[in-house]
Amino acid sequence: MELSQRIKNITPSQTLAITAKSRDLKAQGVDVISLSAGEPDFNTPDEIIEKTYEALKAGQTKYTSASGITELKEAIIEKMKRDNGLDYELSEIFVGTGAKHVLYNLFQATLDPGDEVLIPTPYWVSYTEQVKLAEGNPVIMETDESTSFKITPEIIDRHVTDRTRMLLLNSPSNPSGMVYTEEELRSLAEYLEKTDIVVVADEIYETLVYDHPHISIASFSDKMKRNTLIVNGVSKSHSMTGWRIGYVCGDSDVVKGMTALSSHSTSNPATPSQWAALAAYNMDPSYLEEYNRTFKERRDKAYEKLMEIPYIDCIKPEGAFYLFPNFAECARKCGFDGVDAFVEAVLEEVHVAAVPGSGFGSPDNIRLSYSLSIEDMTEALDRIRKFVEQHSKGV
């Protein structure tokens, strides 16, 4: 049977492919340490699990509104007001089956064939593919270490055309870990306020910022709020990746369109998961403070250990739970023709799984997740260092 052209045009997710390969090796008894996963390594808090069980026993197992239960929407509205200083109505909240599903619905609901979406490198692997599935055109804006992996008004201006519809802004960033400062966001907002470009602000790693506070670009003016669609969820903030709950806050017409689409696809997000997300947002916020401290400690230890590897360069990440070092010179010193081949050899020879930066539009880099214990991270980076020392001898 012939596949559709839209499916043939999709590039499979490298992160999921690497994770699957490392799991296969583990199933064969190989001692693999995975630095590829984009999820915390500990379980969802007991309080959330217990509250969800109570909801299930109370009969919360039926269909809900396609856009989510009112109780969860109200909790999201309160969270946005408390944490971001932004006021939303119920009609401006859509709850979906994870932030990935929310982004998919968003692009399907807003893009027409040929509409252009500005996407900075390095980008999360699904952005470009979801835009293509909506028959839009991803327009890639190159950034690298020289710009701290961040865009500026000048970079945006070089890529704007009469077909530009949206700008994708991910802060904190997956995969770079960069976080836009208030000054940097203000500069972007001042430029964007002069346009009708819609900002899709992916803020899923909002709680994981270490050196300066997270600020949403929607908070700079009324126009920026109107022209921004904020995507967030509980996957990263409460270690709830498998529960699959994300949401968007923004224009009510967009929310209405996304809701109509879901009514013909998923019907509604899983009901137990919605009640779990409600429990997450009703938790004592001290949980998030401890959560943040844990990842900050891991960030600092991982970065210190990473920099012991010769021939690499890395900007210290400011948020999320990824390192994004440049391994181009290191790969050459080890006799490989590129970083992708280097990453494959590291997995096969020393059994450390990482994701090559080519999947994120940055082929000189590697994404290393530090969402695992400091002991495992230390062992993994030691293995990579020894691999480099061995392969670079005599090359």
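## A buried tyrosine and its partner

Tyr291 has a relative accessibility of 3% and counts as buried. The model is predicted. Phe42 is partly exposed, at 29% relative accessible area.

The structure holds 16 aromatic pairs. One of them joins Phe42 and Tyr291: the ring centres lie 5.7 Å apart and the planes stand at 90 degrees, so the contact is edge-to-face. Phe42 sits in the loop between strand S1 (33-34) and helix H3 (46-57), while Tyr291 belongs to helix H12 (residues 286-306), so the pair ties together parts 249 residues apart in sequence. Both rings belong to one aromatic cluster, formed by Phe42, Tyr205, Tyr287, Tyr291, Phe295, Phe321 and Tyr322.

## Phe336 and Phe342

Phe336 and Phe342 also meet edge-to-face, because their planes stand at 90 degrees with the centres 5.8 Å apart. Phe336 is buried, with a relative accessible area of 17%. Phe342 is buried as well, at 1%.

Leaving aside residues up to four places away in sequence, Phe342 touches Phe327, Cys330, Ala331, Cys334, Phe336, Ile366, Phe387 and Val388.

## Strand S12, covered on both faces

In a regular strand, side chains alternate between the two faces of the sheet. Strand S12 (residues 366-369) is covered on both of its faces. Ile366 and Leu368 are buried on one side. Arg367 and Ser369 are buried on the other.

S12 pairs antiparallel with strand S9 (residues 322-323) over two bridges. Leu323 stands opposite Leu368 of S12. Strand S11 (residues 355-356) also runs antiparallel to S12, and two bridges join them. Here Pro356 has Ile366 of S12 as its bridge partner. Ile366 is one of the residues that Phe342 touches.

## The seven-stranded sheet

Seven strands form an open sheet with mixed pairing. Their order is S2-S8-S7-S6-S5-S3-S4. Strand S2 (93-96) and strand S4 (137-141) stand at the edges, each with a single partner strand, so one side of each has no neighbour in the sheet. From one strand to the next, the twist averages 20 degrees.

Inside the sheet, strand S3 (residues 116-120) and strand S5 (residues 164-170) pair in the parallel sense over three bridges. Leu118 has Leu167 of S5 as its bridge partner. Helix H5 (residues 99-110) packs on the sheet. Helix H5 touches S2, S5, strand S6 (198-202), strand S7 (228-233) and strand S8 (246-249). The direction of H5 makes about 155 degrees with that of S7.

## Lysines over rings

Two lysines lie over tyrosine rings. The charged end of Lys225 sits over the ring of Tyr88, 4.4 Å from its centre. Lys150 lies over the face of Tyr180, at 5.7 Å from the ring centre.

Key. Residues numbered from 1 in each chain as written. Predicted model: local features only at pLDDT ≥ 70, side-chain atom pairs only at ≥ 80, totals over all residues. Heavy atoms only, no water. Contact = heavy atoms within 4.5 Å. Buried < 20%, exposed > 50% of the residue type's maximum accessible area, 1.4 Å probe, protein only. Helix = DSSP H or I, 4+ residues; strand = E, 2+ residues; numbered from the N terminus. Pairing = 2+ DSSP bridges. Phe/Tyr/Trp six-rings, centres within 6.5 Å; stacked < 30°, edge-to-face > 60°. Lys NZ or Arg CZ within 6 Å of the ring centre and 35° of its normal. Axes fitted to C-alpha atoms, helices over the stretch in contact; angles between N-to-C directions.
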